[in-house]
Amino acid sequence: MAGFPYAATTLAEVVRTCSPKPLDGEDLRRFWVETQPARDPMLAFRINLKDLLEEPGTPAVLVFGHRGCGKSTEINKFITDLPPDRWLVVKVQCGQFLPAGGNEAADVLLAACTSLMGVVQARELDLNEDALQPVLRYFQQIEVTRQTFTAHETSGTGGLQVGGSFVGQLLGLKAGLEQDLKHGSRESTSVVGKFRQQKGQLVAAVKSLFLNAELAWRRKAAHPDARLALVVEDLDKLGLQDARRIFVEDGHLLTEVGVPAIFTIPIFAFHSPEAGAIRGYGFREIRMPMIKVVHPDGSPADEGRDAVRHIVRSRVSRSVLTDDALEVLITRTGGVLRDVFDAIQHAAQFLPVKQSGVIDLAFMTEALRRMQTTLGLRITYPPDDRGGLRDPKPLQAKLAELAKGQAKGQKFLAQADPELHLLLMSGALLEYNGDGWLGVHPLAKAYLKDLGHDVGG
């Protein structure tokens, strides 16, 4: 298709090009689309993020936006735009290190350390071994807890034999920490548990390691202003309790890594009565607005629809996804890019689609119908302390009232309401945070209607 040289022309290609994962590497170059005007023409996300990173000292920046709106892809684009002879980015995908729940800020710092050790190896940074001996001893002392750390282990080095060298010890430590974070216990007697008990010492060790790595990078880059930056993603996917422990109770730990740092944060955390505590730690913050495919009164937002249309067409040709199927896809996913690609993936699995090689309106409509049930089941209260479940009907009724008011043209704003937090976390309520208004996800609205709720038009 003219203008979209990488658009998939077969169903097999669609499954790959429409992965809901964030764009990175070659896919970022091929498929990234500028969406800023459709998000908020008043806010230049990547420019503002770079300005914050360039501030004097070691700014810690919180990035927030609705889950699935494209934050990670925009952050990846931001990273690629940084001058490579000056900035070295340590990127942490917390989802690769941490379990789904029960996390604390100390765990995030340990994940950052493991990623940094990988960067040190990959970039062959010449660390100051004498200065870091106390740091290494500190980590090793904790590692003795499980009696498996050995300085000569080189798991993950691709066969590089480093024996008992300093780098070898770091890599052995890296392998051990990864195992502990992914699969280890969080009990007080465990490795992770002991690090949690020594937060002050952990922060000092992390800071020393990052500062030493930054100096090594500055020497290698031969640039007087060369900097190291930490980017921690996936924290926006946390639940309420994890977000509170990390950002409210121990948020100050994240501001002390010694280098400029960027952390994603759940959007509902900024609607909590405790949001003031988060801001009190000195974080800078920047929002990533949603793409708006509708206005608050429900009328189509043409610029947003054009943006989503462009994003999809850059990856899928008309020969595989028909125009009318794309239009209903845009309407019923509400501008949530993750849902756009999930719907395409769902439709691609249908047997008749596999046989014809075409996703038409009927099959896209069926894929969206099935997704609305999946989304609807997330409209629920969390289990109580004993694991008991509360009837979700009151939460459903609240969302239905919002949908009914929205259908009448009412504009709802974000506020410190625990039930709104749950609805935002579920994805059933969307925050178009460029303008600061809330909208019910079209699929959630359809689900509630099927249950018999009055949702307006």
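Is phenylalanine 263 buried or exposed? Phenylalanine 263 is buried, with a relative accessible area of 1%, where buried means under 20% relative accessible area, exposed over 50% and partly exposed in between, computed with a 1.4 Å probe on protein chains only.

## Basis of the model

This is a predicted model, in which local features need pLDDT of at least 70 and side-chain atom pairs count only at pLDDT 80 or more, while totals for chains, interfaces and linings use all residues. Residues are numbered from 1 along each chain as its sequence is written, and side-chain values use heavy atoms, with hydrogens and water left out.

## Nonpolar cores

The largest nonpolar core has 67 residues, and the members that touch the most others are Phe139, Leu230 and Phe263; such a core is a set of buried Ala, Val, Leu, Ile, Met, Phe, Trp, Tyr and Cys residues joined through side-chain atoms within 4.5 Å. Helix α6 (residues 105-123) supplies the largest share of this core, 12 residues, with helices (H or I, at least four residues) and strands (E, at least two) taken as DSSP runs numbered from the N terminus. A second, separate core of 57 residues includes Ala8, Ala348, Phe350 and Leu395.

Phenylalanine 263 lies in strand β4 (residues 261-264). When neighbours within four places in sequence are left aside, the contacts of phenylalanine 263 include Ala60, Val61, Leu62, Val63, Leu230 and Phe283, a contact being heavy atoms within 4.5 Å. Leucine 230, with the neighbours within four places in sequence again left aside, is in contact with residues including Val90, Val92, Ala112, Phe210 and Phe263.

## Helix packing

Helix α7 (residues 129-143) and helix α10 (residues 199-221) pack at an angle of about 140 degrees with their axes 10 Å apart, the axes being lines fitted to C-alpha atoms, for helices over the stretch in contact, and the angles running from 0 to 180 degrees between N-to-C directions. That angle makes α7 oblique to α10, given that angles under 35 degrees count as roughly parallel, over 145 as roughly antiparallel, 65 to 115 as roughly perpendicular and the rest as oblique. The crossing of α7 and α10 is left-handed, a term used if the near helix is turned anticlockwise from the far one by less than a right angle, with right-handed used if clockwise. In this contact, Ala131, Leu132, Val135, Tyr138 and Phe139 of α7 meet Gln201, Leu202, Ala205, Ser208, Leu209 and Asn212 of α10. These residues divide into 8 nonpolar, 3 polar and no charged, where Ala, Val, Leu, Ile, Met, Phe, Trp, Tyr, Cys and Pro count as nonpolar, Asp, Glu, Lys and Arg as charged, and the others, Gly among them, as polar.

The axes of α6 and helix α8 (residues 166-183) come within 9 Å and cross at roughly 145 degrees, and this crossing is left-handed. By class, the contact of α6 with α8 has 8 nonpolar, 3 polar and 3 charged residues. Helix α19 (residues 393-407) and helix α20 (residues 418-426) pack at an angle of about 85 degrees with their axes 11 Å apart, and are therefore roughly perpendicular to each other. Leu395, Lys398, Leu399 and Leu402 of α19 make this contact with Glu419, Leu420, Leu422 and Leu423 of α20, a set that divides into 6 nonpolar, no polar and 2 charged residues.

## Loop residues

Alanine 222 is found in the loop between α10 and β3 (227-233) and is exposed, with a relative accessible area of 65%. Aspartate 234, in the loop between β3 and α11 (240-249), is buried, with a relative accessible area of 16%. The C-alpha atoms of aspartate 234 and phenylalanine 263, 29 residues apart along the chain, are separated by 8.5 Å.

Leucine 238 lies in the loop between β3 and α11 and is buried at 8% relative accessible area. Leaving aside neighbours within four places in sequence, leucine 238 is in contact with Asn103, Ala243, Ile246, Pro266, Phe268 and Met425. Aspartate 126, in the loop between α6 and α7, counts as exposed at 55% relative accessibility. Not counting residues up to four places away in sequence, aspartate 126 touches Ala216 and Arg219.
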